[in-house]
Number of protein chains: 2
Amino acid sequence: MSDCSSCTVRGRAICASLDSAELAELGHMGRRQRVKAGHTLLWEGDDAPLIANVLRGVLKLVVAATDGREQIVGIVFASDFIGRPFGKESPYRVTAMTDSELCIYNRSSFDAFAEAHPHLQHKLLRRTLDELDRARYWMMLLGRKSATEKVASFLLQMAERLPVEAGEPARSRTAFELPFGRQQIADILGLTIETTSRQLTRMRANGLLDLPSRREVVIRDRRAMAILAG
Amino acid sequence: MSDCSSCTVRGRAICASLDSAELAELGHMGRRQRVKAGHTLLWEGDDAPLIANVLRGVLKLVVAATDGREQIVGIVFASDFIGRPFGKESPYRVTAMTDSELCIYNRSSFDAFAEAHPHLQHKLLRRTLDELDRARYWMMLLGRKSATEKVASFLLQMAERLPVEAGEPARSRTAFELPFGRQQIADILGLTIETTSRQLTRMRANGLLDLPSRREVVIRDRRAMAILAG
DNA sequence: CGTATCGTTGACATTCCTCAAGGGATGTGG
DNA sequence: CCACATCCCTTGAGGAATGTCAACGATACG
C-alpha cells in the first residue's frame, strides 16, 4: 500500500497529521483490505492485534451479555479508526455492516509509530475524546429516554452523521438510507425489534416520516421530530 | 502550588509522565482548590474553561434531558482528570459528590503545555481510551440489563473501583461505603430510586448483602452476586 | 416461482415507573 | 435530653410502557 497520498480519507483520518515522508513510512506498514458485510474483524476478548482506518463502509462495535443479548456501543464510519492502541484486548466485537474497505496495521508496529509521532497521538486523542462525548450522550439516551424519544433521536443523529453521497448538502439532509436493518436499530437503542418497528410505524402514521423502502427514511417534519426526541 | 513532588496522586495521575523540571512548570500553572460536596464545577454547555486532576474525593458527570431527567455518565475518583482538553464545550455537568480536592489548570495553558509534552498527551490518550471502554460497557448495562442485573453489576464494580482506604487489599474487598445515596445510584443505573431500593432490599432478604447503614454495603455472597449481574 | 429473510401487527405478560404513605436516621432548638 | 423537623429511604398499590410469543406479510434472491 503506497498511495496514501491519493487516499479517499486523506485529510479526514488520523493520518492527516502526517507529512508525506511520514505517510510513506506508515503506508509501508499498512495494507488495504476489503471486508464483506457481516464479516467480523475483532472478537470480544481478542488480543486486538490490529488497528485500522476505515476507508469506506460502516461497521458496528458490539458488546454482548452472557446470554446473547447485544448492545451496539459504537458505529464506525469512513475516516474513523478501529482498534485499541496500546496493548489492551478489545472489549467489543467489530463487525462490518456494509461491504467495507480498511487500511489495516499491525498493532505493535502502529503503537511504535504512534509513540514516535506526537501529531498522530494528538489526532487520536481528539478523536477519542469526541467519541467519549458521543458515548456519554448515548448513555443518557439508553438510561433515560422513552422508546419514542430514542427512535426520534436516532433518526436525527443519523441524518447528521451518515456519510453524504456525491455532492449533497450535509446538514439539511432529510432523506437517507440507513446502513442497517430493524434489529440493528433496536440493538443501538436498547429496544426490541418489535418496539422499534411500532415506533416507526406510528411516526409514519402521524406524518412525521416516510419509509419508501426497508432502509430508506425521509423525515417530513424535522421540527416535530426534534420535539419528540426530547 | 509548588509541591507536586509530594502530591498524593503523584505517580497515578497523568502528571506521572513528567520529569521534575516539567512538573515544576506545570505546578506553576495550577492551583489547588477544595470543593464541598454538592458543588458544581462545570455546567453542561459551558465553555469548559478548566482542566483538573482530582486529588481527593468523588465527582459525577451528569447529562440531563430537557425535562430534568438525569443520567450520571461518569464517576471520577482521585487521580482521574476532569475537563475537555482542546477546546470543546463541556457536554456534561461536573458535580462533587463528596468534599474534594482538585488541582486546577486554565484550559488554554494546559492545552499549550500538553501540545509541548507528548508524554502527557500519551497518558491522556490512554486514560481516555480506558474511559471510553468503561462508558461502552456501561452502555450495554443501560440498554440491555434488567434492574437486578444492573444493581448487582453496580455493586461489583464499586467493590473494585472504589478507592481503598488505608492498607486494605484492593481486589478481595467485600465491604465498602458508597459515596452516594439511592437517588444517585438510580441515576447511574437508569432506574428510579424506588426500583433501586427494592432491588437492594430483596438482595438483603436473600442473604446476598448486608446494609449496615445507608451508605454501607457488605457483599456476603460474591459468587451469587456475579451470577445475578448477568 | 419458491424460499429465506426481514419487517409488521396483534394479544398477552412482565417489568418498571408513578403516586402515595409511612418509617428511620440525623440535626437543631428549646 | 427531648421534641420536632427534615431528609432520605422503604414499602405498597396500581398503571403504563415495553418485552415476549406467535402469526402473518412483504421483499429480496436464487
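**Exercise 1. Determine which atoms of Ala147(B) and of DNA strand C approach each other.**

Solution. In this predicted model, a backbone N or O atom of Ala147(B) lies 2.8 Å from a phosphate oxygen of DNA strand C. Finally, Arg198(B) places a side-chain N or O atom 3.0 Å from a base oxygen of DNA strand C.

Residues are numbered from 1 along each chain as its sequence is written, and chains are lettered from A in the order in which they are written. Local features need pLDDT of at least 70 and side-chain atom pairs count only at pLDDT 80 or more, while totals for chains, interfaces and linings use all residues; side-chain values use heavy atoms, without hydrogens and water.

**Exercise 2. Describe the protein surface near DNA strand C by element and by class.**

Solution. A residue is near the strand if one of its heavy atoms lies within 4 Å of it. By this rule 17 residues surround DNA strand C, and Arg182(A), Thr201(A) and Thr195(B) are among the closest. H6(A) gives the largest share, four residues. By class, the surface has two nonpolar, eight polar and seven charged residues, where Gly counts as polar and Asp, Glu, Lys and Arg as charged. On the DNA side, 62% of the atoms within 4 Å of the protein belong to sugar or phosphate, and the rest to bases.

**Exercise 3. Characterise the interface of chain A and chain B.**

Solution. Begin with contact, meaning heavy atoms within 4.5 Å: 47 residues of chain A and 46 residues of chain B take part. The buried area, which is the accessible area (1.4 Å probe) lost on putting the two parts together, summed over both, is about 4,200 Å², and carbon and sulfur atoms give 61% of this area. Arg136(A), Met139(A) and Arg144(A) supply 20% of the area that chain A buries against chain B, more than any other three residues.

Then count the salt bridges (a side-chain nitrogen of Lys or Arg within 4 Å of a carboxyl oxygen of Asp or Glu). The rule finds 12 across the interface. Glu149(A) and Arg69(B) form a salt bridge at 2.7 Å, N to O.

**Exercise 4. State which rotation superposes chain A on chain B.**

Solution. A rotation of 180° with 0.0 Å of shift along its axis superposes them, with an RMSD of 0.0 Å, by least squares on the C-alpha atoms of residues with pLDDT of at least 70 in both. This is the relation of a two-fold axis. The same surface serves both copies, since 98% of the contact residues of chain A recur in chain B.

Note on methods:
Polar contact = N/O pair within 3.5 Å; in protein donor to acceptor, adjacent residues only side chain to side chain. Helix = DSSP H or I, 4+ residues; strand = E, 2+ residues; numbered from the N terminus.
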